[in-house]
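Here are my notes for your first look at this model. Please read them with the structure open.

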Amino acid sequence: MTTMVSITWDAASARRAERQFLARPARTGTPVAEVAGAMLGAHAQVLSAAELSVGMRTDGVTRADVRSALWEDRSLVKTYGPRGTVHLLPARELPLFCAALTAVPTGPSPFPPEVRLTEEQAAQVVTAIGEALDGRFLTLDELSEEVVARTGPWAGDRVMPAFQDLWPRWRQVMHRAGWAGTLCFGPDRGRKATYTRPAWRDQEMGHGEGGAMPAFVDRYLHAYGPATPAQFARWLAAPPGWATALFGELAAAGRIEEVRFEGTPAWVVAGDTDFPDGPARGVRLLPYFDAYVVAGQPRERLFPGTAYQRALGGGQAGNYPVLLVDGVAAGVWHQRRRGRRTTVTVEPLVPLTARQERELGEQVERVGEVLEAAPELVVGEVTVGPHA
């Protein structure tokens, strides 16, 4: 009888940090797309946060390098990723993300019947978006006109509540167009975002035996395992029952392996049971919605003690930039830029050793390098709220 592998929190967090370039930054010259891929995408609703997520993990990289990868060599693509939120994804992996995300069952619409789109209408909108953006860069208003012209007046009805405003009905499925590979972000035009159709959307990528979803689970467990089906479902905003059935199928096929993680059942890629001997070490500054804190589970271990209330923000990981000490949240921070200078205020929730204080200073210097600003460290209470 085979003995089930037992894994501690310290070992799991140390391996996650290693695989996401948090134990040590990627060497100078490492493609930024490789670093973004290791995280399974950098959250980019606020682009500066994504620039920090990538830059803090890579020696020598600045925000200009991330923008060059996006808009010049296009090794990165800004589009809708997991949970329908904006991410920077490796362009070469876009086919995998699109195939996997479109295979995730969607839950019931949050909108009332008179507002929501039918599935037939949603499909029409996604097709119309792709046609309108093929070889073009359009602002949101320009895209809206094109979608309505290709579908019908119903698509333009301003019935969708959003930010104390009403948006046209078609925007309910904008994220699904991203998942389908018919839309991504283009360079800003002045102060307005633009959208285009990914030029690389027809690239082929071998997903291995069983298609995209098994390969996608492999990637997730490689970066964030051990993990449970419920944790995978939470990361994707997917139905928990579907994730449980999926993991059962992959286990039966020998693709994933059950382990004991802090005494409870969890899963890793089959055979991927080598873990570091010691815990994660070091001080890191992670920006809003960094992948490590959004996907990291269990929450109570990643946000221990007072960090659970102060840094987790009511259960929604990522609302606050996090001070990470030895692999766990140990404070919050905030940066305010004025011209060519930025003030980085850090609020530790635990006492820092002299070594950790030196590492914090080095991290603040690195924030300045990534943002191309002269940094100043202030240790004290962060008075701004989430998303500030």
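Which residues does L76 touch, not counting residues up to four places away in sequence?

1. **Ground rules.** This is a predicted model, where local features need pLDDT of at least 70 and side-chain atom pairs count only at pLDDT 80 or more, while totals for chains, interfaces and linings use all residues. Residues are numbered from 1 along each chain as its sequence is written, and side-chain values use heavy atoms, leaving out hydrogens and water.

2. **L76.** Back to the question. L76 touches V32, A33, A36, V66, A69, L70, L88, L89, P90 and A91. Contact here means heavy atoms within 4.5 Å.

3. **The cores.** A nonpolar core is a set of buried Ala, Val, Leu, Ile, Met, Phe, Trp, Tyr and Cys residues joined through side-chain atoms within 4.5 Å. Buried means under 20% relative accessible area, exposed over 50%, and partly exposed in between (1.4 Å probe, protein chains only). The largest core has 74 residues, and L76, L88, L183, F216, V217, L221 and F232 touch the most other members. Helix 9 (residues 212-224) gives the most to this core, with 9 residues. Helices (H or I, at least four residues) and strands (E, at least two) are DSSP runs, numbered from the N terminus. A second, separate core has 31 residues, including W9, F303, L312 and V382.

4. **Cysteines.** The structure holds 0 disulfides. A disulfide needs two cysteine sulfur atoms within 2.5 Å. C98 is buried, at 11% relative accessible area. C184 is buried too, at 1%.

5. Three strands form it in the order 1-10-11, with mixed pairing. Two strands pair if DSSP finds at least two bridges between them. Strand 1 (6-7) and strand 11 (264-269) are the edges, each pairing on one side only. Strand 1 and strand 10 (residues 256-261) run parallel over 2 bridges. S6 has R260 in strand 10 as its bridge partner.

6. **Rings.** There are 10 aromatic pairs. Rings of Phe, Tyr and Trp (its six-membered ring) pair if their centres lie within 6.5 Å; planes under 30 degrees apart count as stacked, over 60 as edge-to-face and the rest as tilted. F185 and Y195 are tilted, at 4.9 Å and 45 degrees. Both are buried.

7. **Charges over rings.** K78 lies over the face of F185, at 4.7 Å from the ring centre. R15 sits over F275, 3.7 Å from its centre. The cut-offs are NZ of Lys or CZ of Arg within 6 Å of the ring centre and within 35 degrees of the ring normal.
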